[in-house]
Amino acid sequence: MQFHHHGYVSGDPRVQPAAGVGLDRPDDLPDEVDVLVVGTGPAGMIAAAQLSQFPDVTTRIVDRRRGRLAIGQADGIQARSVETFQAFGFAGRIAEEAYRITEMCFWHPDPADPTRIVRGERPPDDPSGISEFPHLIVNQARVLDHFAEYMANAPTRMRPDYGYAFRDLHVADHGDHPVTVHLTLTTGDDAGTDKTVRARYVLGADGAHSDVRRAIGCVPRGDSAFHAWGVMDVLAVTDFPDIRLKCAIQSGTGGSILLIPREGGHLFRMYVDLGEVHPDTRDAVRATTIDQIVDHANAILRPYTLDVRSVAWHSVYEVGHRVTDRFDDVPLDQRGTRTPRVFIAGDACHTHSAKAGQGMNVSMQDGFNLAWKLGHVLTGRSPETLLTTYSAERQVIAQNLIDFDREWSSLMARKPEDLDPGELAAFYVRTTEFLFGFMTQYPPSMLVGDATHQRLATGFPLGKRFKSAPVVRVADANPLHLGHQHRADGRWRVYAFADRPAAGERSALADWAGWMATSPDSPVLAHAREGDALDALLDVKVVYQQRHVDVDVTRVPALFLPRTGPFDLVDYEKVFAALPDDDVFDARGIDRDGCVVVVRPDQYVAAVLPLDATADLAAFFRQHLLVQGREPVA
């Protein structure tokens, strides 16, 4: 964390100085905003948190509730989400309070007595080391709390506006604020009063029964699995030995349980199989009581017993698998004729079972994907066409999720006699990369280059998330993870992996750095405005092949030592070296002749290029960033 560059900071360094719209933020919801987010769930809150880093963008997030969510329905946190939390500065704090999944137990009917269950496979949760971050369980409400704190500490001083219910909206074909949104106050002395807000853009993150989705005519496509589950968060006393381990339990008498231990050491969640649902019995299944859910759980757990002492939350739901036909307000037959103004994210555009722990995680990536793009367009950094990539990228991901969840839910619901022993465990291990959130791979587009030079960095696949690796920061000899320095500040990351010569010697890296700092075609200069800091839009870092003690920081090109703040201080935190016993060049398959790896603001690899492919680098950025122009670096 860097601070003091604007003067001595004696308080909490996580509180950024107020700027832009945060200097005089009105308490009341204004009549005009740049972005109106509807819904304070995971997708809406991460989008608002990202937009809170754009001081000149007026963003407000509204919700019909009276205040913060007290009990959330989601609880599984993928390692990919923890990577995202790191970018927002709270991965460590939330991990401290969360339950950490290290392995999973699979229980089956006892072959000697199928009315009883016995422990079977016990695979580790991440056998291949797919991420340095853990798989966590923590209440959704706490995730939202951290995003709320982040946006409150941001330059815009953003906070949710509770007590506003969305009614409808209208999109005009002209005007600076073409989306007219009608809201109704739900709390206080003025409850029932209407409020009209005009916005440049609207994000509907208002859940599975989304009114924003209805207003723009998006249609959910899919079906129901006709299978019901009871879910409960409980405090209980039991003789079941694995009550503090994640378990998939299948009984010989029919039915199964997915057991999820919760944070705090005592609470746990159970998804209890209630069986198939037929249209003529649907109402009866939905009316299943908590006592009946507990009875079902006890029948499945035999010979073990469950004595529930307190119920924090429970519900009954049917598994449904649906994805909307589009994620924005542009009808399919009008694609290319106009850019979108209204978007939907999270459960508003994809619904599925909760048992794979994907819902909150995928929803957050929806919001993260869209928000930085809105920020770039609204600040004049990118053309409006950038916004068309949101639906194009995220709808495919949602469909992949639905396909995966359909298979996982089907396996969980099958009777033991129809399922080979170990089949469920084998599927779980085989799909670890998906379960951890790392199967997302965006195809080539204006934001993702082609794979012509992928061989230069095989460990950074194009379109996939930037998988961090250990390095050493040269200036202070600190070992750290390269990807953990990527903050959710809306900036692109450009990693220059040096060729063999040392700092100060003639090299391909030195030539590249010189071009980046002086050429009018350089993306650092072409897309920056006069008065911008050198790294205002592109955060450029270098990784040398030598040991850190062999890198002379005084001979490093000026590009990697930019000046910052009103005192023109040197930023020493962009120069890194490989670890001798864990070399990033070997670990990520980086060519020893060096290369450039470009990473999007949402942490996905966008381009891999040779150091001498400067024209290609310039052309890539010109696809999605507007040319501004500034003077070369002195």
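Analyst: Happy to. A search of the whole structure, which is a predicted model, turns up two cavities of 30 Å³ or more. The largest cavity has a volume of about 120 Å³, and 15 residues line it. Closest to its centre are Glu 83, Phe 466, Gly 483, His 484 and Gln 603. Helix H2, which spans residues 79-87, gives the most to this lining, with four residues.

Is Glu 393 buried or exposed? Its relative accessible area is 5%, so Glu 393 counts as buried, the cut-off being under 20%. Leaving aside neighbours within four places in sequence, Glu 393 is in contact with Asn 369, Lys 373, Tyr 442, Ser 445, Leu 447 and Arg 600. With Arg 600, the side chain of Glu 393 makes a polar contact of 2.8 Å. Tyr 442 lies 49 residues away along the chain, yet its C-alpha atom is separated from that of Glu 393 by 6.3 Å.

Asp 63 is the other one to look at, and its place is in strand S2, residues 59-63. Asp 63 is buried too, yet has no salt bridge. The nearest side chain of opposite charge belongs to Arg 65, 4.1 Å away, whereas a salt bridge has to be within 4 Å. Beyond neighbours within four places in sequence, Asp 63 is in contact with Gly 39 and Thr 40, and also with Asp 161, Tyr 162, Gly 163 and Tyr 164.

Notes: Residues numbered from 1 in each chain as written. Predicted model: local features only at pLDDT ≥ 70, side-chain atom pairs only at ≥ 80, totals over all residues. Heavy atoms only, no water. Helix = DSSP H or I, 4+ residues; strand = E, 2+ residues; numbered from the N terminus. Buried < 20%, exposed > 50% of the residue type's maximum accessible area, 1.4 Å probe, protein only. Lys, Arg positive; Asp, Glu negative; His and termini not counted. Contact = heavy atoms within 4.5 Å. Polar contact = N/O pair within 3.5 Å; in protein donor to acceptor, adjacent residues only side chain to side chain. 1 Å grid on protein atoms, 1.4 Å probe; cavity = no way out; pocket = protein on both sides within 12 Å on 5 of 7 lines; lining within 4 Å. Points joined across faces, edges and corners; volume = space filled by probe spheres on them.
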